[in-house]
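Thank you all for coming; I would like to walk you through one structure this morning, element by element.

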Amino acid sequence: MPTPFLFHFAQAHNEFRLPELSSICELHGIPFSLSKNPQSNDPNRPFMVIELENEEQARILAKRCILIKAIYEFYGQGSTYEELHEENRKSEPLWRKYVENTSFRFLITAYQHKIPQSRQRDVMESFAYMGFLGKIDMKNPEITLTCFEDYEERTGVTRVKHEGDGDFRQVFFGRLIVDGSARALIGKFDVKKRVYYGNTSMESEISLIMANQTLAAPGKFIYDPFMGTGSMAYPTAHFGAFIFGSDIDGRQMRGKQKEPGVLRAAKQYGVASRIIDLSTFDITHNPLRCGEMFDAIVTDPPYGVRAGAKRLGRKKSLPDYKKELTRQHNLNGRPDDQPYIPPTKPYELSHLARDLVLLSRYLLKPGGRLVFFLPTVTDEYEEVDIHTMLCEGMEVIANSLQDFGSWGRRLVTIRKVTKEKYPPPTFEPAPNDQDTHIPAHKDFREKYFQGFRSSKSESVEPEGQEQDSGSDAQQ
Amino acid sequence: MVRLITHNVLACHAKNCNTNNFPLQFKDVKVEHREAEFNADFLKGFLPKLEWKALVDTAKELGDTSLPDEQPEMLDDEFLQNLHHVLLEIHVEEGSMTCPNCGHVYPIFNGIPNMLLAEHEIG
Ligand SMILES: C[S@@+](CC[C@H](N)C(=O)[O-])C[C@H]1O[C@@H](n2cnc3c(N)ncnc32)[C@H](O)[C@@H]1O
Ligand SMILES: [Zn+2]
């Protein structure tokens with residue numbers, strides 16, 4: 001029977017909250033539905049009421065969802081305590097069993113506010129009708145009952161302590177079932193504590209959310225085609241999946257020591273044996289012999305800010321006689337005995353995004369997911385931008401913005417909804433059709449380094465160093 | 001790294017090298033054995049993707065003769081254990097892989113193969 005649960009979410013990455021929840025529900029076959037009450041179904045508020053079938057499901061979610069702080073058995077809510085108590089009385093069948101002989105702790109807390117002690121006491125006394133007879137135990141109670149007052153954010157406004165006390169939007173009440181244990185992984189995968197990382201490494205909280213979007217689990221095979229220092233590989237492998245990674249620039253995966261940096265970091269997390277292989281190649285000239293191999297592809301594509309998007313080739317192709325000369329030169333080896341390093345040319349972001357979706361359609365098993373970041377100019381973004389990169393058989397199932405002001409990046413989750421077999425992509429630029437919509441992420445790199453001058457918002461000076469986009473590929 | 005599961009899905013991709021470009025031939029290899037997690041579902045799921053003959057031959061070259069010449073219909077535990085070992089526990093750490101058709105040499109350093117093509121090998 002569907003039962004309402006009170007979810008306490010972290011106030012971070014709000015747009016990622018419900019996609020993450022539905023991913024983990026899908027992974028474990030948990031049906032869920034949101035409350036119909038607008039006071040408890042707003043993904044921008046810390047508290048939401050969500051129906052599940054049983055407590056066990058709540059425990060599974062709290063163990064895996066990075067954005068869940070805790071889950072409670074839901075007893076009631078209201079915009080006043082009168083309303084709350086009325087609902088709580090109706091919930092008596094849920095809490096009656098704890099009345100007789102259960103030790104308990106009662107917490108009165110608030111979001112964005114501090115309740116004065118005197119009122120905390122008053123609130124606690126207003127629950128006297130529940131008639132709990134067990135002993136109060138603040139350290140090791142059998143159950144914890146919590147009352148949350150949710151206040152409007154008042155950032156930037158200075159106010160006297162306790163000012164506005166009692167002016168909450170909504171108050172919630174329930175019994176703690178489980179604290180969200182997945183949040184501790186944010187510390188575990190902290191980039192600064194990692195033995196190998198670089199300036200392209202992805203922050204740990206986001207990497208973990210990305211790993212959840214892939215439905216990572218034991219027995220699954222997951223690919224990162226822009227592996228870099230491997231940030232998403234570690235959490236994904238932590239959840240049990242096997243990983244394959246590749247990058248056009250082998251130095252990103254290797255680092256400076258003999259043992260590749262990605263493997264050293266994987267060892268630190270106890271997942272080295274799940275890094276199946278790493279390989280140096282350009283995705284637009286890749287050696288993969290067959291498709292339908294991976295359950296998911298998770299990646300942070302290069303968008304030219306920290307690590308340039310590039311592909312093999314030259315901006316201007318060499319005449320044939322010069323190609324022949326380089327070929328002869330390569331065959332004879334280089335005098336300094338260095339491995340051959342082919343030249344590269346820039347790879348424009350909207351072209352790359354389309355190729356990535358096509359490549360994923362080829363490489364994913366039916367039902368598999370592509371999870372990746374798409375940077376975009378906040379003011380210019382339109383929903384159709386995402387559609388410019390889709391192709392038959394690939395559907396967007398989530399699209400969450402991480403907002404940095406004038407620009408942002410969207411975590412896009414695409415599902416392969418077809419069983420059809422498709423050929424590998426050709427990686428040719430799309431024909432220049434006048435009618436095609438030009439997405440805001442087109443030429444993102446140029447826009448970034450211009451500080452988004454054409455955009456309406458105050459431009460924030462971009463940080464980070466421009467890298468030489470015409471640099472060479474490295475093994 | 002360069003486990004045989006990976007070797008089995010890598011083909012030469014130089015321009016116009018479309019036939020007889022698989023399997024790549026190992027040369028001067030340094031092999032290590034490392035334990036990996038056994039997962040029967042993963043193995044069974046990957047089986048249809050494998051080029052069986054290439055796998056058996058390559059395993060033999062590296063000294064492992066545990067796999068039958070024909071892929072068996074019954075996937076018993078012993079077979080899966082052998083397959084697991086061949087696919088996931090044999091690592092080629094150094095050496096190279098040569099295309100049987102065009103002769104392109106893909107070098108392997110510290111377990112990572114360099115599959116980049118040279119300028120004259122791309123379209
Ligand atoms: C944003 S970084 C990925 C960072 C990675 N997630 C990490 O944790 O470090 C993009 C990576 O894509 C690589 N890259 C750029 N163009 C490529 C191409 N055509 N094929 C393969 N990799 C490419 C770059 O070398 C860079 O390491
Ligand atoms: Zn070849």
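This is a predicted model: local features need pLDDT of at least 70, side-chain atom pairs count only at pLDDT 80 or more; totals for chains, interfaces and linings use all residues.

**A covered helix and its surroundings**

In α7(A), the buried residues, where buried means under 20% relative accessible area, exposed over 50% and partly exposed in between, with a 1.4 Å probe and protein chains only, are A:Ser204, A:Glu205, A:Ile206, A:Ser207, A:Leu208, A:Ile209, A:Met210, A:Ala211, A:Asn212 and A:Gln213. That is 10 of its 10 residues, and the helix is accordingly described as mostly covered. When I speak of helices and strands, I mean DSSP runs numbered from the N terminus, helices being H or I with at least four residues and strands being E with at least two.

Residues are numbered from 1 along each chain as its sequence is written, chains are lettered from A and ligands numbered from 1 in the order in which they are written, and side-chain values use heavy atoms, with hydrogens and water left out.

To place the helix in its chain, the secondary structure of chain A comes to 14 helices and 16 strands, and buried residues make up 55% of its 475 residues. If we take contact to mean heavy atoms within 4.5 Å, residues 24 or more positions apart account for 78% of those contacts in chain A that have a separation of 6 or more.

What does α7(A) pack against? Its partner is helix α1 of chain A, residues 14-28, and the two pack at an angle of about 40° with their axes 8 Å apart; here axes are lines fitted to C-alpha atoms, for helices over the stretch in contact, and angles run from 0 to 180 degrees between N-to-C directions. That makes α1(A) oblique to α7(A), given that angles under 35 degrees count as roughly parallel, over 145 as roughly antiparallel, 65 to 115 as roughly perpendicular and the rest as oblique. The crossing is left-handed, which is to say that the near helix is turned anticlockwise from the far one by less than a right angle, whereas clockwise would be right-handed. From α1(A), the residues A:Phe16, A:Pro19, A:Glu20, A:Ser23 and A:Ile24 meet A:Ile209, A:Asn212 and A:Gln213 of α7(A).

Helix α1(A) also packs against α2(A), residues 55-64, where the axes come within 10 Å and cross at roughly 125°. These two helices are therefore oblique to each other as well, but α1(A) passes α2(A) in a right-handed crossing. The contact is made by A:Glu20, A:Leu21, A:Ile24, A:Cys25, A:Leu27 and A:His28 of α1(A), together with A:Ile60, A:Leu61 and A:Arg64 of α2(A).

**Backbone details in chain A**

Most residues other than glycine have a negative phi, and most peptide bonds are trans. A:His13, in the loop between β1 (3-9) and α1 of chain A, has a positive phi of about 50°. A:Gln112, in the loop between β5 (104-111) and α5 (117-126) of chain A, likewise has a positive phi, of about 65°, and at 28% relative accessibility it counts as partly exposed.

**Chain B and its zinc ion**

Turning to chain B, which atoms coordinate the zinc ion (ligand 2)? They are the SG atoms of B:Cys12, B:Cys17, B:Cys99 and B:Cys102, at 2.2 to 2.3 Å, where donors are N, O and S atoms within 2.8 Å of the metal (3.2 Å for Na, K and Ca), and water is not among the atoms, so sites may look incomplete. The four donor atoms subtend angles of 101 to 116°, which makes the arrangement tetrahedral; four donors count as tetrahedral if all angles lie between 85 and 135 degrees, four count as square planar and six as octahedral if opposite donors are over 155 degrees apart and all others between 65 and 115, and anything else is irregular. B:Cys12 lies in the loop between α1 (4-7) and β1 (25-33) of chain B and B:Cys99 in the loop between β2 (90-98) and β3 (105-109), so the pair ties together parts that are 87 residues apart in sequence. Both B:Cys12 and B:Cys99 are buried.

The loop between α1 and β1 of chain B also holds B:Pro23, which is joined to B:Phe22 by a cis peptide bond with omega of about -10°.
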